[in-house]
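Here is a brief report on one model.

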Amino acid sequence: MNADGALAAAALACVAAFGLVAPRLMRATRPACAVWLLSLGSVASATAGTVVLAMLSLPVFGRDDALMDLAGLSPRVLDKDTGSGLAIAAVCAVALTTLLGRFLRAVVGHRHAFRAASQAARACSAVRGQLLVLPQDAPDVYALGGRPAVIVATRGLLRSLPAIERRAVLVHEHAHIARRHHRHLAAATLSAALNPLLLRVPAASAFAVERWADELAASSTSRAATRSALTRLAGLVPAASKAPSPAALAAAATTSIAGRVAALRQAPPPLSPMRLIFPAGLAVGSILAAAVLTGHIVDLLAATAAATGKVLPHH
Amino acid sequence: VVERRGPGELEAEVLAALWSAEEPLTPAEVRDRLPGDLAYTTVLTILRRLHDKELLTRELVDGTRAYAYAPVMDQADHAAEQMHAFLGASDDHGAVLARFLGRLDAADRRKLSALLGERRRRR
């Protein structure tokens with residue numbers, strides 16, 4: 001295995017380990033830290049995974065010795081005389097194309113949803129603040145992270161809560177908007193679209209985001225009031241069946257209310273920075289390996305292009 | 001530790017309090033429906049601001065010089081239509097949206113009721 005092959009393997013190992021470890025971050029630290037680490041880590045992992053896949057696909061674009069050598073994880077497997085190296089490269093190229101397609105569709109979907117939310121908020125001439133109340137009796141409340149961002153609540157919801165719980169709900173939704181939680185959710189889902197090893201990250205991120213907002217609601221009211229608002233609304237809102245499926249956190253059907261209530265029955269979790277070192281290290285490791293590999297690929301492509309005279313030499 | 005809350009948040013809370021009431025409310029009544037102890041003048045300022053934004057209507061209470069405030073309804077009806085159209089049209093890409101309750105599936109519901117049952121037994 002050559003040095004680049006070892007780097008690629010190390011990067012993939014980091015990505016895979018991050019995908020496994022990340023969903024357990026919530027048990028280790030504060031929700032806000034978990035959210036940030038999940039976002040940055042999944043972006044780093046997705047980037048690293050894509051670079052490695054691109055590197056392995058290179059021989060498809062030319063049976064150049066240097067390219068084959070770069071992609072050669074193992075000289076035995078990727079023996080260019082037997083053509084098996086090319087077969088592996090072809091498989092990687094197909095996988096890369098598929099994942100990039102998935103990623104682009106997800107990006108388009110997100111942009112579409114963001115625009116739709118912004119349009120809806122602007123179309124409501126009543127939005128001249130951050131709260132939009134709908135005159136409906138069915139209790140419901142959500143935050144739209146468009147521009148302008150807005151909290152939507154029904155009259156039924158506001159009437160069914162005591163004042164302190166009303167505040168808990170409003171602070172919770174305001175936290176989603178003020179801390180730009182929709183960006184974190186987008187980072188997690190887009191990264192997972194690009195790298196299947198991050199399959200479980202979006203649900204973890206969605207749960208961490210709700211816990212973060214719950215903690216802010218609790219600090220503005222009390223843990224008991226926030227808990228009570230959650231359990232009261234869990235009984236009032238027939239949720240999944242009735243929700244007009246903005247699929248709020250569609251990726252996260254597991255946004256467990258029970259888990260949130262249980263967490264609010266305990267003291268706020270400690271920061272525990274020591275427990276963040278391992279997952280953070282994995283993210284940093286994968287991105288560093290990917291950066292070095294990218295440098296090598298760029299150098300090599302430039303050299304190859306210069307050698308075959310496709311690029312005019314610099315003056 | 002109570003976080004400092006912005007003017008936008010206070011406006012939202014006052015608006016929510018008015019919506020939770022059946023009748024128009026005077027500033028004193030609004031203050032009674034808010035948690036904590038906001039200054040009367042603060043509540044009054046917020047009510048005036050919301051009125052300036054045409055989110056509230058107001059009328060003099062008989063025999064006094066105090067106004068009673070109520071949310072503007074027809075705008076809300078329009079907003080409801082817009083929002084309904086939006087929610088109906090949106091698909092499953094909604095990382096844009098975050099519900100207070102997310103989605104509650106059957107397993108979660110069971111866990112939650114088990115949790116609540118356990119708490120009742122403890123009492």
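Confidence in chain B of this predicted model is lowest in strand β3 (residues 97-99), where the mean pLDDT is 49. It is highest in strand β2 (residues 67-71), at 94. Over residues 91-96 of chain B, pLDDT stays under 50. The model still has 27 contacts for that stretch beyond four places in sequence. Taken as a whole, chain B has a mean pLDDT of 76. In chain B, 66% of residues reach 70 or more. The scores for the model are ipTM 0.75 and pTM 0.81.

| Part of chain B | pLDDT |
|---|---|
| Strand β2 (residues 67-71) | mean 94 |
| Strand β3 (residues 97-99) | mean 49 |
| Residues 91-96 | under 50 |
| Chain B | mean 76 |

Now to a single residue. I46(B) belongs to helix α3 of chain B, which spans residues 40-52. Is I46(B) buried or exposed? I46(B) counts as buried because its relative accessibility is 3%, and buried means under 20%. Which residues does I46(B) touch, leaving aside neighbours within four places in sequence? The contacts are L10(B), E11(B) and V14(B). P27(B) is 19 residues from I46(B) in sequence. In space, the two are 9.6 Å apart, C-alpha to C-alpha.

A search of the whole structure, over all chains, turns up one aromatic pair. A charge also sits over a ring in chain B. The charged end of R58(B) lies over the ring of Y67(B), 4.0 Å from the ring centre.

Key: Residues numbered from 1 in each chain as written. Chains lettered and ligands numbered in written order. Predicted model: local features only at pLDDT ≥ 70, side-chain atom pairs only at ≥ 80, totals over all residues. Heavy atoms only, no water. Phe/Tyr/Trp six-rings, centres within 6.5 Å; stacked < 30°, edge-to-face > 60°. Lys NZ or Arg CZ within 6 Å of the ring centre and 35° of its normal. Helix = DSSP H or I, 4+ residues; strand = E, 2+ residues; numbered from the N terminus. Buried < 20%, exposed > 50% of the residue type's maximum accessible area, 1.4 Å probe, protein only. Contact = heavy atoms within 4.5 Å. pLDDT = per-residue confidence, 0-100.
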